[in-house]
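Work through the exercises below with the model open beside you. Try each task before you read its solution.

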Amino acid sequence: MHILQQILFIIAACFAIGLFTKNIRQIRRNIFLGKAEDLTDNKAQRWKNLLLLAFGQKKMFRNPLVAVMHLIIYAGFIIINIEVLEIALDGLLGTHRLFFEPLGGFYVFVIDFFEVLAVGVLTVCIIFLARRNIIKLKRFISKDLNGWPRSDANYILIAEIILMCLFLTMNSADRALQLKGSEHYFNTGSFFISGALSSLFQNFSTATLIGIERTCWWLHILGIFAFLNYLPYSKHLHIILAFPNSYYARLEVKGKMENMQNVQNEVKYMMQPESAPAGESAPQHFGAKDVFELSWKNLLDAYSCTECGRCSAACPATQTGKLLSPRKIMMSTRDRLEAVGKNINANGIFKDDEKKLLNDYITVEELRACTTCNACVEECPVSISPLDIILELRRALIMEDSNAPQEWNSMFSNIENNFAPWKFSPDDRDKWAQEMS
């Protein structure tokens, strides 16, 4: 029987890890469809960002109560799943509680800590479900989340609750079997929570308890395998991508816009034709119309988005009823990138589907509503910049499609002819001073 369980476990583990690896490789390929960008400078600051923003969740603590609750879930995911190592080795080797003998009394302390954390995770998940579905906080009922995104968040919270319940039930049944002196269930001592809960199982037969313990063991590990392979299809991929995204965050002062060197060169060559290098062709693109013309960091941002809505809650355009929502910008970019990835999977290479990120996924009205205030960038807990994508799309819209409001066109014309946004000749600018003399 143990050999059969080992074989089944190895098959399940190989399938789950293989599928996850395949999906992650496709996501990596999709991210690197973007343009190259070097973000390897100042490694000390980058490691600091990773530790403070990803591990330490620094920005989350602007709201301490929510931050603590989120930290409990985060710690639960990271720490409790260390226990999965023992489960995996038990399944692989056909053992039971492999780490008990080498760790001795410390083993009880570790499992006690895991169980307390499991109760914390269970409690916080219930609170978060209530915030989304009963209290209905404004940023969780936005139309951005209609359909799958809203369900996705609920599915993950429910899955966490089930996994924690399975963990505690498994340990409780295990303790009840220990007290009955059942073979293979040697006495580890009473765990803090499951030890108390084991009294609920004292009247069950040994066969029934073994069935409960084994069922919970299998459902727990299979649930983790399923969760692992659900991540690539979920916003909760940020559990993994928050770390590289924080490390590769742009380090410039917030509000600094990237200079368009090709535009600067065009103006320079126009003013000083002799400075133009021989044979240099004109730039083919200004800004971006599709994901291929965005930076790989923009695409990593899209996959790292937690859909928490803090960016949109801080956005003045969103809060005054404009169509723009920074969260939706990131979700639309990810949706387009996923569509491109499926196209490549189906055809081997990307075949034109007559769609673009600009217009088909993100509208002109959304782009024009942005005030470039950087509030969305400032609020994001994992260093995502919706503004970078907005600016690139808006540059293509204006510089390639000549699509701008009349007020903007008048300003552009004035800058071109008068070197200032106002309709005054440069020679007339100082007349006000002359009139005062």
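The exercises that follow use a predicted model.

**Exercise 1. Overall form**

Task: State which secondary structure elements the protein has, and decide whether it is compact or spread out.

Solution: 
- Start with the elements. The protein has 21 helices and zero strands.
- Compare the radius of gyration with the globule rule. The radius is 28 Å, whereas the rule gives 22 Å for 437 residues, so the protein is more spread out than a compact globule.
- Look at the box. Along the principal axes, the C-alpha atoms fill roughly 100 × 50 × 40 Å.
- Turn to burial. Of the 437 residues, 46% are buried.
- Finish with contact range. Take the contacts between residues at least 6 apart in sequence: 75% of them join residues at least 24 apart.

**Exercise 2. Helix 6 against helix 7**

Task: Classify the packing of helix 6 and helix 7 by angle and handedness.

Solution: 
- Locate the pair. Helix 6 covers residues 105-135, and helix 7 covers residues 148-179.
- Take the geometry. Their axes come within 9 Å and cross at roughly 150 degrees.
- Apply the cut-off. Angles over 145 degrees count as roughly antiparallel, so helix 6 is roughly antiparallel to helix 7.
- The crossing of helix 6 and helix 7 is left-handed.
- Sort the contact of helix 6 with helix 7 by class. It has 18 nonpolar, three polar and three charged residues.

**Exercise 3. Helix 1 against helix 15**

Solution: 
- The crossing of helix 1 and helix 15 is right-handed.
- Sort them. The contact of helix 1 with helix 15 has two nonpolar, four polar and two charged residues.

**Exercise 4. Arg327 and Glu307**

Task: Find where Arg327 and Glu307 lie, and decide whether each is buried or exposed.

Solution: 
- Check its area. Buried means under 20% relative accessible area. Arg327 has 1%, so it is buried.
- List its contacts, leaving aside neighbours within four places in sequence. They are Arg139, Ser142, Asp144, Leu145, Glu307, Cys308, Gly309, Cys311 and Ser312.
- Follow one of these, Glu307. Glu307 sits in the loop between helix 12 and helix 13.
- At 4% relative accessibility, Glu307 is buried.
- Read its backbone. Phi of Glu307 is near 55 degrees, a positive value in a residue other than glycine.

**Exercise 5. Helix 10**

Task: Work out how many residues of helix 10 are buried, and what they pack against.

Solution: 
- Count. Helix 10 covers residues 238-247, and eight of its ten residues are buried.
- Name some. Among them are His238, Phe243 and Tyr247.
- Find the partners. The buried residues of helix 10 pack against helix 2, helix 3, helix 9 and helix 12.

Conventions:
Residues are numbered from 1 along each chain as its sequence is written. This is a predicted model: local features need pLDDT of at least 70, side-chain atom pairs count only at pLDDT 80 or more; totals for chains, interfaces and linings use all residues. Side-chain values use heavy atoms; hydrogens and water are left out. Axes are lines fitted to C-alpha atoms, for helices over the stretch in contact, and angles run from 0 to 180 degrees between N-to-C directions. Helices (H or I, at least four residues) and strands (E, at least two) are DSSP runs, numbered from the N terminus. Angles under 35 degrees count as roughly parallel, over 145 as roughly antiparallel, 65 to 115 as roughly perpendicular and the rest as oblique. A crossing is left-handed if the near helix is turned anticlockwise from the far one by less than a right angle, and right-handed if clockwise. Ala, Val, Leu, Ile, Met, Phe, Trp, Tyr, Cys and Pro count as nonpolar, Asp, Glu, Lys and Arg as charged, and the others, Gly among them, as polar. The radius of gyration is taken over C-alpha atoms; the globule rule is 2.2 Å times the number of residues to the power 0.38. Buried means under 20% relative accessible area, exposed over 50%, partly exposed in between (1.4 Å probe, protein chains only). Contact means heavy atoms within 4.5 Å.
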